[in-house]
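Let's walk through this structure together, from the overall build of one chain to the places where its parts meet. Have your viewer ready and follow along.

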Amino acid sequence: MILAASMAGGISMQTRAQNARQAPLAIDGPASPVPWVRYAGWPTRDTSKFNSLTRLVSPAPPKAPLKLEKGLTGDPAAGQKLAADRSRGGSCLACHVMGPAGGADLPGNVGPDLSEIGNAGRDEEWLFNYVNDARVYNSDTVMPPWGTHGIFSESEIGDIVAFLKTLKSPAKFKAALDDPMKRPAPIEQRDNLDALINPAMWLIEERAPALWKATGPAGASCASCHSNPVQAFRTWAAAMPRWEPRLNKVLGVEEFVARHAKATTGQSWLMQSEENTALSTYLRYLANGAPMVVDVAGPEAKGAYQRGEALSTRKIGALNFSCADCHGADKSASKWIRGQWLGELRGQLDHFPTWRTSQQSVWDIRKRFQWCQVAIWADDLPPDAPEYGDLELYLAAQNTGQKLSVPGIRH
Amino acid sequence: MAEKPRIRIPKQAAKNEVVEIKTLIAHLMESGQRKDPSGRIVPRKIINRFACSFNGKPVFECELEPAIAANPYLQFSARVEESGVFSFSWTDDDGSVITAEEKITVV
């Protein structure tokens, strides 16, 4: 086994000989900052009482529907307000058309249109329990357990039920685009490889080539061993991530850059640093056009794939969503959550790292994972977490054959 | 802004040809209307003026306003009568001016 950290001088011959099989890696220590601190400006609510990708602590659903001892005395006007309150998990409107709630402004269609639920013959107790914790009626539901997870109080759920009972006529949309059933699926048509359109291309044209030539503390640069990266890396990134026995986890391009640079040039380019993102984007760009093919056949890789698959169906966070709940073709994929389109797993990785026009920055896939988790009120993990490796491998396998087109550009 | 401006313009043109010029500069274009997490207004900092000249003669110039998005992209055209140099300048609210030049040859 090659132990990398002390390979400063004379590494080029040895590295070239072994490049195809074992690139030097700094094995010890993390590849991202410790302790990991969530990005400034991201939500800071405490979600430690709910499942994450590393722990199972969410409260259990009720064993049976709750009995209402006396009739509900909810206020329909208060319920209508709550239904459109974006501070409570994105509002009911995120998934349901609900008559006049929120002015019928860009509701989603993950769940059924409830505009006529008042005619459906559902009693108060059934409606109360469905909002409180829909799992008592439907174990496959993707609906958050609003009551069990403490997002709405009992009296607030009573208000919502009172509002639901008033819903007896189809929603009136101000514009056709407000109706999620008529809203056309978004198609990304911008040329993501044009530097006048995609600012992430500036990393490719200037920043990454400069970093490639930058001599690190160990007296070497990327160019010391890889003098012709355009030729050498035409397909490399399309086979990432991969199982790495020296780390006993799945290794993606970003963590590889951090550990390989440390071992060879001495550079400290931790994951999601500006330098790491520039080089990771560059390495994936160099494999543009290559179809993604990751190894999930070896025994360890297969195990990682299966763990990734299991993690993709684990319900996490206060909103209790799994990856599959939103992005599974048999669940909510190709539907609208509020004004946002939920894409299938296939097509979610080939353009990463990607420029996000809404963020004015480049995000790698691990940062995208982190944001997904924070958005569903779950704890995020450090970018080098092994759980993200398993998940990335599973996601890559779902994208087999997709051709890389990096850097992408998305909202 | 350490990024250099991006300019796309043909290297050559026929005499009197109208050429398309595309320019883009990396800039946050902070509008002066946003608040930071502590509630204070983030001061305005935008590119407030762009100018292009050819062999010293003005070709195109404009003022930019706070509603213009980050990384302002401007596209315009010019008739090229002789070989020469297009000069571009972007003026920042902080008083700094970023400049660039591109040569074109009439063939």
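This is a predicted model: local features need pLDDT of at least 70, side-chain atom pairs count only at pLDDT 80 or more; totals for chains, interfaces and linings use all residues.

The paragraphs below go from chain A to its domains, helices and sheet, and then on to chain B.

Residues are numbered from 1 along each chain as its sequence is written, while chains are lettered from A and ligands numbered from 1 in the order in which they are written.

Let's start with chain A as a whole. Its C-alpha trace spans about 80 × 45 × 35 Å along the principal axes. The secondary structure comes to 13 helices and seven strands; helices (H or I, at least four residues) and strands (E, at least two) are DSSP runs, numbered from the N terminus. Of the 411 residues of chain A, 45% count as buried. A residue is buried if 20 or more other C-beta atoms, placed from the backbone, lie within 10 Å of its own, exposed if 12 or fewer, and partly exposed in between. Among contacts in chain A with a separation of 6 or more, 70% come from residues 24 or more positions apart; two residues are in contact if their C-beta atoms, placed from the backbone, lie within 7 Å.

Now to the domains. The assignment for chain A gives domain 1 (76-178) and domain 2 (299-410), with bounds that come from an automatic or database domain assignment. Their C-alpha centres lie 27 Å apart. Where they touch, domain 1 of chain A contributes 14 residues and domain 2 of chain A contributes 13 residues. The domain 1 side has nine nonpolar, five polar and no charged residues. Here Ala, Val, Leu, Ile, Met, Phe, Trp, Tyr, Cys and Pro count as nonpolar, Asp, Glu, Lys and Arg as charged, and the others, Gly among them, as polar.

Next, look at helix α10 (residues 299-312) and helix α13 (residues 386-398) of chain A. They pack at an angle of about 95°, with their axes 7 Å apart. That makes α10(A) roughly perpendicular to α13(A), a label for angles of 65 to 115 degrees. Residues that meet here include Y305(A) and L311(A) from α10(A), and L391(A) and Y394(A) from α13(A). By class, the residues of this helix contact divide into seven nonpolar, three polar and four charged.

Chain A also holds an open sheet of three strands in the order β6-β5-β7, with mixed pairing; two strands pair if DSSP finds at least two bridges between them. Strands β6 (361-363) and β7 (408-410) of chain A are the edges, each pairing on one side only. Strand β5 (residues 354-356) of chain A runs parallel to β7(A), joined by three bridges, and W355(A) stands opposite I409(A).

Finally, turn to chain B. Its contact with chain A takes ten residues from chain B and six residues from chain A. On the chain B side, β1 (6-8) and β3 (17-24) each give two or more residues. Elsewhere in chain B, strand β4 (residues 47-54) pairs with β5(B) in the antiparallel sense over six bridges. The two form a hairpin with two residues between them, and N55(B) in the turn has a positive phi of about 50°. Of the seven residues of strand β5 (residues 57-63) of chain B, the number buried is zero, so this strand lies largely in the open.

Conventions:
Axes are lines fitted to C-alpha atoms, for helices over the stretch in contact, and angles run from 0 to 180 degrees between N-to-C directions. Angles under 35 degrees count as roughly parallel, over 145 as roughly antiparallel, 65 to 115 as roughly perpendicular and the rest as oblique.
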